[in-house]
Amino acid sequence: MKISHRLLSVLMSFYLGIHGGQLALLEPGNPLPVEIFPITAQMLPAADRQALADGIRIRDKLHLAQLLEDYLS
């Protein structure tokens, strides 16, 4: 997955969470997701759903790629 330069420049303020029942990349203070991924939260184990409900802060590009690989594979 290729991440745009704009997204990368602000990535550390973003987090993975759940929006409309789906895995989403979210930005604090923005009611709309930056991106929605093709997986529903109900498909994930309870511990993952809870972590996403709490929000998983993205540390860097590699961290985002690892999380997406875990959740989407």
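Contact here means heavy atoms within 4.5 Å. Axes are lines fitted to C-alpha atoms, for helices over the stretch in contact, and angles run from 0 to 180 degrees between N-to-C directions. Helices (H or I, at least four residues) and strands (E, at least two) are DSSP runs, numbered from the N terminus.

This is a predicted model, where local features need pLDDT of at least 70, side-chain atom pairs count only at pLDDT 80 or more, and totals for chains, interfaces and linings use all residues. Residues are numbered from 1 along each chain as its sequence is written, and side-chain values use heavy atoms, without hydrogens or water.

**Sheet and helices**

Four strands form an open sheet in the order β3-β2-β1-β4, with antiparallel pairing. Pairing requires at least two DSSP bridges between two strands. β3 and β4 are the edge strands, each with a single partner, so one side of each has no neighbour in the sheet. β1 (residues 15-19) pairs with β4 over two bridges. Tyr15 has Arg57 of β4 as its bridge partner.

| Helix | Strands touched | Angle |
|---|---|---|
| α2 (residues 46-54) | β1, β2 and β4 | about 105 degrees with β1 |

**Core**

The largest nonpolar core has 14 residues. Such a core is a set of buried Ala, Val, Leu, Ile, Met, Phe, Trp, Tyr and Cys residues joined through side-chain atoms within 4.5 Å. Buried means under 20% relative accessible area (1.4 Å probe, protein chains only). Leu16, Leu23, Leu25, Leu52 and Tyr71 have the most contacts inside the core. α3 gives the most, with four. Leu16 touches residues including Leu23, Phe37, Leu52, Leu64 and Tyr71, not counting residues up to four places away in sequence.

Methods
Buried < 20%, exposed > 50% of the residue type's maximum accessible area, 1.4 Å probe, protein only.
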